[in-house]
Amino acid sequence: MLITHETGLHARPSVKLTKLAKGFVARIELAVVEQGPWVDAKSIVKVMATRAPQGSTLFIRAEGDDAEAAVAALVDLVRRDFDEGAHVPAND
C-alpha cells in the first residue's frame, strides 16, 4: 500500500492507524519492506519508529479471527490518506 500522506507515517497518521488496529483482536503487523522488520501495528512507538516517508510502500499482515477485516480496514485508511488529505471524500 503506497503512503501518499504528505508527512508519511508520522504522528497523526500513526495515531489513527494504531487506534484502528486496536479495534481488532487479530495480531496486526506492518513493515516498510516486505522482508521486514515487522512491527506491532497496535504500538504507536513502533509504528512511528518505522519513519515511513511519503511515497514508501507499507506492507500489512494480520493473523486471527478478524485478520481479513483488519487488513482491509487499515488499507482503506491508508488509501483515504488517513482522512487528512486530498483523498478525503466531501460531506454531502
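## Helix packing

The crossing between helix 1 and helix 3 is right-handed, a term for a near helix turned clockwise from the far one by less than a right angle, anticlockwise being left-handed. The model is predicted: local features need pLDDT of at least 70, side-chain atom pairs count only at pLDDT 80 or more, and totals for chains, interfaces and linings use all residues. Residues are numbered from 1 along each chain as its sequence is written, and side-chain values use heavy atoms, without hydrogens and water.

Two packed helices are described by the angle between their axes and the distance between the axes. Helix 1 (residues 11–21) packs against helix 3 (residues 67–79) at an angle of about 160°, and their axes lie 10 Å apart. Axes are lines fitted to C-alpha atoms, for helices over the stretch in contact, and angles run from 0 to 180 degrees between N-to-C directions. The two helices, helix 1 and helix 3, are therefore roughly antiparallel (over 145 degrees). K16, L17, L20 and A21 of helix 1 meet A73, L74 and L77 of helix 3, where contact means heavy atoms within 4.5 Å. The residues of this contact comprise six nonpolar, no polar and one charged; Ala, Val, Leu, Ile, Met, Phe, Trp, Tyr, Cys and Pro count as nonpolar, Asp, Glu, Lys and Arg as charged, and the others, Gly among them, as polar.

An open sheet is formed by three strands in the order 2-1-3, with antiparallel pairing. Strand 2 (39–40) and strand 3 (59–63) are the edge strands, each pairing on one side only. Helices (H or I, at least four residues) and strands (E, at least two) are DSSP runs, numbered from the N terminus, and two strands pair if DSSP finds at least two bridges between them.

Strand 1 (residues 27–31) is joined to strand 2 by two bridges, and these strands run antiparallel. E29 stands opposite D40 in strand 2. Helix 3 lies across strand 1 and strand 3, at about 155° to strand 3.

## Backbone exceptions

Most residues other than glycine have a negative phi, and most peptide bonds are trans. The peptide bond from G36 to P37 is cis, with omega near 10°; P37 is in the loop between strand 1 and strand 2.

R51, in the loop between helix 2 (44–49) and strand 3, has a positive phi near 50°. R51 counts as exposed at 64% relative accessibility (over 50%; buried is under 20%, partly exposed in between; 1.4 Å probe, protein chains only). D81, in the segment after helix 3, has a positive phi of about 60°, and D81 is buried at 6% relative accessible area.

Key: Parallel < 35°, antiparallel > 145°, perpendicular 65-115°, else oblique.
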